[in-house]
Amino acid sequence: MIAATGVRMRTTAVAVFALALAIAAAGVVVVLLLEESLDRSVTESARSTGRQVAIQLVREGARDLSASDVASTGDTEAVTQVLDARGVPIASDPAIVGHPPLTAARPVVGFETIETLPLGLNGDSDDYRVVSQEVNGPGGPFTVISARSLEPVTEASTRLTLLLGLIAVPLLAISGLAVYRAVGSALRPVERMRRTVAEISTRDLTARVPLPPGGDEVHRLAVTLNEMLSRLASAQAAQRRFVADASHELRSPLSTISTALDVSGRHPESTGDLVPVIGRETARLRELVDDLLMLARTDDATDRPQRTEVDLDDIVRAEAERVRGESALEVEVRAGPAKVHGSEAQLRRAVRNLVDNARGHARSRIRVSSAVRGDLAVVEVGDDGPGVGAADRERIFERFVRLDASRQRGHGGTGLGLPIVAGIAARHGGRARCAEPGEPGALFVIELPVIAVPKEE
């Protein structure tokens, strides 16, 4: 529950933070647009006031110009001033009578100058938008200066900022609460799955997590967990079968050795006859233990033997020569160049297991070959024995599997040779399979990623 709460809090914090950034960005844009609009309005108002005075100057000059003609609002928020050709005020808004020129700008006739200045009227420091324009008229030229305070613009933007801030606080609180509850609702099925998995013991893997409705990520997570539990149950069942089979296989030679020793103890004169039996069963026991250790190594993902470039054709020729020297079988060898990257000892063990398997079931001949086909290095071992049925070509690589009377313990196998081959091939990024033979007998194939050999120029 702590983890779920942590996820909820983090998700809520991120959502609230993102929303706050969005509101802040939107507020900045709105405030800037408002300021720009009000700024244009102030400038246009000052320009309009100045033009009215300028029109009168053009028509009548400054002779009949009075303070009421240039009066704007009657206070310092908006003031107008007219200067003569020497820059001396000849008419001013009543609020600034006797004030020096508001600006030193003297635009060319027909043009205007727009400035933002702190005029310091009534001792304040507010900025004013000042529009100056030069006009010709009787007794001219004249400079008309119209100024409007920007304080209303500042006040409006400040009020809007405060309003947006006040609106954002409850909006963020409501959004945070909604996200917190929504995330909690979304995580509720995950919590149920966690509790179900926590209650599953290693002794019983039959329980499954409930599937939430819909096809979203949580539903797919539940499906994946159930598939994982199914795989674990299958692996557990396979492990139990393996332990039972291994115990059975070990019990047989141990029972034989124990019986022989018991007979030898009671009848010392028969010891000489029992020694070969004990030696044979001891050898079988040693072979079985070695195979179990090799299987454990192929199953151990942390076991990483030293890997080098291995010539499979050299291994194929060596194993073929070994069989020729140990049996009367005809051995056909086609060792084409095939280089892979891996453990030479393990790959030699895999090829030897296939060759020994073929020798144990062949009637008169075995076939061993290596070649490169596309991007795969291929080793094939075949025999002219009873063969393997199509229905058993995958099952034969399972541990302690023997198919029929022709492939029983009498042939000396432990039932682990082919599983070892499959494990070694898988550890080297390839696979082992029982293929469809082109002639009577069995055909086993190892396929491994090949190392590209550069062509000689």
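Start with the kink. Helix 2 bends by about 35° at Leu-187, the bend being the angle between axes fitted to the seven residues ending there and the seven starting there. A proline, Pro-189, follows within four residues. Helices here are DSSP runs of H or I, at least four residues, and strands are E runs of at least two, numbered from the N terminus.

A word on the source. This is a predicted model: local features need pLDDT of at least 70, side-chain atom pairs count only at pLDDT 80 or more, and totals for chains, interfaces and linings use all residues. Numbering runs from 1 along each chain as its sequence is written, and side-chain values use heavy atoms, without hydrogens or water.

Back to helix 2. It covers residues 151-199, 49 residues. First to last C-alpha is 70 Å, close to the 72 Å expected at 1.5 Å a residue, taken as 1.5 Å times one less than the number of residues. Its buried residues (under 20% relative accessible area, 1.4 Å probe, protein chains only) include Leu-172, Gly-176 and Pro-189.

Five strands form an open sheet, order 2-1-5-4-3, with antiparallel pairing. Strand 2 (89-92) and strand 3 (112-118) are the edges, each pairing on one side only. Pairing takes at least two DSSP bridges. Val-135 stands opposite Phe-142 in strand 5.

Last, Arg-322. It sits in helix 5 (residues 312-326). Why does Arg-322 count as buried? Because its relative accessibility is 17%.

Terms used: Buried means under 20% relative accessible area, exposed over 50%, partly exposed in between (1.4 Å probe, protein chains only).
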